[in-house]
Amino acid sequence: MIFHVLTIFPEFFVGPFAHGVVKRAQDAGRLEIRIHNLRDWTFDRHRTVDDRPFGGGEGMVLKPEPVFLAVESIWPERRPDQPLSDRKVLLLSAQGRPFDQAMANRLSAEAELLLICGRYEGVDERVAAHLADDEISIGNYVLSGGELAAAVVIDTVARLLPGVLGNETSAAFDSFQETGHGEGLLDCPHWTRPAEFRGWKAPEVLLNGNHEEIRQFRRRAAREKTERLRPDLL
Ligand code: SAM
């Protein structure tokens, strides 16, 4: 899968993808992350990407021209208001539809994703209306820019791609997965050695090697934890 990121801070992405699962997946050729500098699609001396909002008010707004030009140059076959079948343009925005595991599962079936990172007061609304296939938010809070949100989306989708996680089933048992211990609930809690730490013991059932008992314990534990911390998921 190919992820494109459109940003005014390309250097931001050196860190998030230089470690762990996503780094290994890139090295193995299972995914590719291409970072594009929005300023490459500006033509004035100052490489201007923003302007004052119509109607007045605080802050600046990212202009539509460089964003449209960038997407049209990355995917020349794409026409305005005409989505491609296996590629999606996603605008990161606090006002977007909530990004969750189900959306990540759907996005992992695409061949390519192009993520647009806003800054300042946001992006000219014509990008949401006529360019983006979807406008997505990673939560009900406001970040300073879309870069962190794009990194979250890429990391979440990447671990769902075939062969990215060492063990093919590990993503299936993650929290929120319908295939997990509790059908869309939280993952079960986990323990490791030592079996006793500062007087706190790992549950005996996990040490006895009885797979059916372990399976049932994990199901129960996942449900209990969900009831306690995320009753909204039940
Ligand atoms: N004025 C905007 C509002 O209140 O909705 C906030 C703009 S925010 C300071 C700048 C950029 O950060 C946004 O254009 C978006 O790309 C990104 N951003 C902020 N919060 C986000 C969130 N919860 N999810 C995804 N992107 C977010």
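This is a predicted model: local features need pLDDT of at least 70, side-chain atom pairs count only at pLDDT 80 or more; totals for chains, interfaces and linings use all residues.

Modeller: The protein has 234 residues, and buried residues make up 43% of them. Its secondary structure comes to six helices and nine strands. Along the principal axes, the C-alpha atoms fill a box of roughly 70 × 40 × 35 Å.

Now the ligand. It sits in the largest pocket. There are 20 residues around the ligand. Those that come nearest are Leu 92, Gln 95, Gly 118, Tyr 141 and Leu 143.

Which elements build this shell? Three of them each supply at least two residues: strand S5, strand S7 and helix H5. Strand S5 spans 87-98, strand S7 spans 134-137, and helix H5 spans 146-158. The largest share comes from S5, with four residues of the shell.

The make-up of the shell can be read by class. Nine residues around the ligand are nonpolar and nine are polar. Two are charged.

At Tyr 141, a polar backbone atom is 2.9 Å from a nitrogen atom of the ligand. Tyr 141 is also among the residues that come nearest to the ligand. At Glu 121, a polar backbone atom lies 3.1 Å from a ligand nitrogen. At Ser 93, the distance from a polar backbone atom to a nitrogen of the ligand is 3.3 Å. How much of the ligand does the protein bury? Taken alone, the ligand exposes 580 Å², and the protein buries 85% of that.

Two residues are worth a look as well. Take Ser 108. It is found in the loop between helix H3 and strand S6. Helix H3 covers 101-107, and strand S6 covers 112-116. Is Ser 108 buried or exposed? Its relative accessibility is 19%, so Ser 108 counts as buried; the cut-off for buried is under 20%.

Then Glu 72. It is found in helix H2, residues 64-74. Glu 72 has a relative accessible area of 32%, so it is partly exposed; that class lies between under 20% for buried and over 50% for exposed. Glu 72 and Leu 131 are 59 residues apart in sequence. In space, their C-alpha atoms are 9.6 Å apart.

Conventions: Residues are numbered from 1 along each chain as its sequence is written. Side-chain values use heavy atoms; hydrogens and water are left out. A residue is near a molecule or strand if one of its heavy atoms lies within 4 Å of it. A polar contact is a pair of N or O atoms within 3.5 Å; within protein, one must be able to donate a hydrogen and the other to accept it, and residues adjacent in sequence count only if both atoms are side-chain atoms. Accessible areas come from the Shrake-Rupley method with a 1.4 Å probe; for residues, only the protein chains shown count as cover. On a 1 Å grid over the protein atoms alone, a cavity is a set of points where a 1.4 Å probe fits but cannot get out, and a pocket is an open set with protein on both sides within 12 Å along at least five of seven lines; lining residues have an atom within 4 Å of a point. A molecule sits in a cavity or pocket if more than half of its atoms lie within 2 Å of its grid points. Ala, Val, Leu, Ile, Met, Phe, Trp, Tyr, Cys and Pro count as nonpolar, Asp, Glu, Lys and Arg as charged, and the others, Gly among them, as polar. Buried means under 20% relative accessible area, exposed over 50%, partly exposed in between (1.4 Å probe, protein chains only).
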